[in-house]
Every structure is written in structure tokens, then in C-alpha cells.
Amino acid sequence: MGILSRNPKEEPMHYGEVFAIWSHVLSNNGMIAAYQTLYNHTGDQELSKIIEEALAGIEEENKKLKDILKVNGVGLPPAPPERPNARRDDIPVGAKFMDPEISAKLSADVAAGLVACSTAMGMSTREDIAYMYGQFHMAKAQLGAKLLRLNKARGWLVPPPLHVSPQDER
């Protein structure tokens, strides 16, 4: 096993890469459970499809990440049990997440995921891991664009106060 050999998969992972991948799987496990629950609360069909797409992406990420951990002899983080499907109408109104709240949660998670992927890319010495995180980053950016479009179309986007300089008021 060469430290900087020509085959990145033969290079050892450093502790930062191990922690980034392990914590990524742990976070994804929590998001899978959360999104399965939020899916039950969703009334908007387009938002439901985006949640399905997000879940498929997270599960695909986990498959790749877990394979890397297993090959390198790293134990996997715990995962909560899969959430059952429920009918939206069976959830009491006061206990139900609203579609704008669900979309905001997904948007925030995508934004945090973009930062996490960029961080992992920047710290990686193994090219295969950096490339993998680059792919994750692109998929998250595309999902974020779909969420932004949906938020705007539905009127769910709450922009921060706009800054108008005194020169603009003339």
C-alpha cells in the first residue's frame, strides 16, 4: 500500500476522511428517518416527488460511503428503524408539518450538505474520495435548484430584508 501510489484506492484514508465519511453516513441515517416521516405529512405532489428524489440520493450516497468504510475496516454508525407510511389525513392538524416548513427544512439540509461536501473535497488526499464528494455536491446543487424553483412558484420563499442603499432611492 503506497502512501501516494498511483491507485487512490490503495492509499490509506486519513482520520479526517474517515470522520467525514462516518459522520456523513450518521447524518444521512437521521435524514432518511426524518424525510420518511415528513413524506407522510406532505400534501404537495411536487414536494413529495422531491422528497422521494432526496431519499433516493441519500440512500445512494450511503451505499457508496458504507462500502468505503467497510473496505477500510471502519465500523458503521447506528441507524434508526425505517419509518412506516401513514395517511396524511390521519395526522392531527396541530401535529402536522406544513408543506412550506418541510420545503424549508429540505432547503436548509441541502445548503448544509453543500458545505459538508465542499469541506470533504477540500480535506481529501484520496482522489477517489474527493471526486465522489464532487458528485454528491453536484447532485445536491441540482436538488437545491429544484427546491428553490418550487419555493418561488408556491410562494414559500421568505427572503431576508432587502438592502436598499440611499443612492438607489433617487
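Why does Phe 136 count as buried? Some notes on that, and on what surrounds it, follow.

1. First, a caveat: this is a predicted model. As for the opening question, Phe 136 has a relative accessibility of 5%, and buried here means under 20%, so the residue counts as buried. You'll find Phe 136 in helix H4, which covers residues 127-154.

2. Who sits around Phe 136? Leaving out residues up to four places away in sequence, Phe 136 touches His 24, Glu 61, Lys 64, Leu 65 and Cys 117. Take His 24 from that list: His 24 and Phe 136 are 112 residues apart in sequence, yet their C-alpha atoms are 11 Å apart in space.

3. Now for the rings. Search the whole structure for aromatic pairs and you get 1. That pair is Tyr 133 with Phe 136: the ring centres are 5.5 Å apart and the planes meet at 80 degrees, so the pair is edge-to-face.

4. Helix H3 is worth a look next. H3 runs over residues 99-123, and its 25 residues should span 36 Å at 1.5 Å a residue; the end C-alpha atoms are 36 Å apart, so the two figures agree. The buried residues of H3 are Asp 99, Ile 102, Ser 103, Leu 106, Asp 109, Val 110, Gly 113, Cys 117 and Ala 120. Cys 117, one of these, is also among the contacts of Phe 136. What covers this buried set includes helix H1 (15-41), helix H2 (45-71) and H4.

5. What about the nonpolar cores? The largest has 17 residues, and the members that touch the most others are Tyr 35, Leu 47, Ile 51, Leu 106 and Leu 147. H1, H2, H3 and H4 each put at least two residues into this core, with H2 giving the most, 6 residues.

6. Not counting residues up to four places away in sequence, Leu 106 touches Tyr 35, Leu 38, Ile 50, Ile 51 and Leu 147. There is also a second, separate core of 13 residues, and Phe 136 is part of it, along with residues including Ala 20, Ile 21 and Ala 120. As a general background point, nonpolar side chains tend to be buried together in soluble globular proteins.

How values were computed:
Residues numbered from 1 in each chain as written. Predicted model: local features only at pLDDT ≥ 70, side-chain atom pairs only at ≥ 80, totals over all residues. Heavy atoms only, no water. Helix = DSSP H or I, 4+ residues; strand = E, 2+ residues; numbered from the N terminus. Buried < 20%, exposed > 50% of the residue type's maximum accessible area, 1.4 Å probe, protein only. Contact = heavy atoms within 4.5 Å. Expected span 1.5 Å × (residues − 1). Phe/Tyr/Trp six-rings, centres within 6.5 Å; stacked < 30°, edge-to-face > 60°. Core = buried A, V, L, I, M, F, W, Y, C linked by side-chain atoms within 4.5 Å.
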